[in-house]
Amino acid sequence: MIIQEILNTTKHRPWQIPTDNWKFYQEWNNAIFLHYQVELTELEKFVPKELKIDLFDGKPWISVVAFTMEKIRPKNLPSFSPISDFDEINIRTYVKSNNKTGVYFLSIEGGKSLSCKVAKGISELPYRYSKIKRTDQNYKSQNSEFKDKLNIEFKIGEELTEKTELDKWLTERYALFQDTDDSINEFEIHHLEWPINEIDIQKLELNYPRFEKLINEKPNKIHYSKGVKVLAWGKIKNKKTGYNNGYK
């Protein structure tokens, strides 16, 4: 699908697409989603006070998303696979800010050290390097510094013909909010609606010591997707105000 077709397909979005020009193209492919319903008091410890934690039926969620980033590039330049293609794991939660619903990353790992440095330098997102290997039925990562470990053995099932409201709530997010020392950075994104498949998790080893009270080896919901083609707009820096836009 060409980029103009993506830009013209917007009925699934909760707000209008940005009117200025997009800045980056990227693909999020072969994604495994592990979703966890968590306790608000535990999650509050990891989310900046300027962001409001989003809730579904009164409960917050965290998702571990393991996928392959491909073809990331600036708008008018080609991608360069030694940097633009790498496996990634992010741990995200769901937030609200500026009348928009989006995601906030608790952790982002990339499987190439140079790719992590470039991505972190451009975006200010908290990328860090982990050893990651994946095959058609296995996704494995390890980080000795943080003692983090993920090992998923899986089989892909049938594509969902109908999605629940929770399915959409967990996947259809078109903004990202991330904190730095002095600001909350906002990023707008756009893509077609995620295609979702069932997935059979045959083995799951997950250990993130920092988040042991939030995530474990028994997710409440799981998804697989072949992926989406993504357009991203430039970073908007919102100066931290010091007031609480969340739940504390």
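The following legends describe close-up views of a predicted model. Local features require pLDDT of at least 70 and side-chain atom pairs count only at pLDDT 80 or more, whereas totals for chains, interfaces and linings use all residues. Residues are numbered from 1 along each chain as its sequence is written, and side-chain values use heavy atoms, with hydrogens and water left out.

**View 1. The largest nonpolar core contains 34 residues.** A nonpolar core is a set of buried Ala, Val, Leu, Ile, Met, Phe, Trp, Tyr and Cys residues joined through side-chain atoms within 4.5 Å; buried means under 20% relative accessible area with a 1.4 Å probe, protein chains only. Leu-34, Val-64, Leu-150, Leu-206 and Ile-215 touch the most other members. At least two residues of this core come from each of several strands, including E1 (24-37), E3 (61-74), E9 (148-159) and E12 (197-207). Strands (E, at least two residues) are DSSP runs numbered from the N terminus. Apart from this core lies another, of 28 residues, among them Ala-31, Phe-105, Cys-116 and Ile-196.

**View 2. Strand E9 pairs with strands E8 and E12.** Two strands pair if DSSP finds at least two bridges between them. E8 (residues 138-143) runs antiparallel to E9, joined by six bridges, and Lys-140 has Asn-151 as its bridge partner. Four residues separate E8 and E9 in a hairpin, where Lys-147 in the turn has a positive phi of about 65 degrees. The antiparallel pairing of E9 with E12 extends over nine bridges; here Phe-154 is partnered by Ile-201.

**View 3. Strand E13 (residues 221-232) is joined to E1 by 11 bridges.** These two strands run antiparallel, and Tyr-25 stands opposite Leu-231. E13 also pairs with E11 (residues 183-190) in the antiparallel sense, over two bridges. In that pairing, Leu-231 is the bridge partner of His-190.

**View 4. The largest pocket holds about 800 Å³ of space.** A pocket is an open set of points on a 1 Å grid over the protein atoms alone, where a 1.4 Å probe fits, with protein on both sides within 12 Å along at least five of seven lines; lining residues have an atom within 4 Å of a point. A volume is the space filled by probe spheres set on the points, which are joined across faces, edges and corners. Of the 42 lining residues, Gln-26, Met-69, Ile-72, Leu-125 and Tyr-127 lie nearest the centre. E3 gives the most to this lining, with six residues.

Conventions:
Buried < 20%, exposed > 50% of the residue type's maximum accessible area, 1.4 Å probe, protein only.
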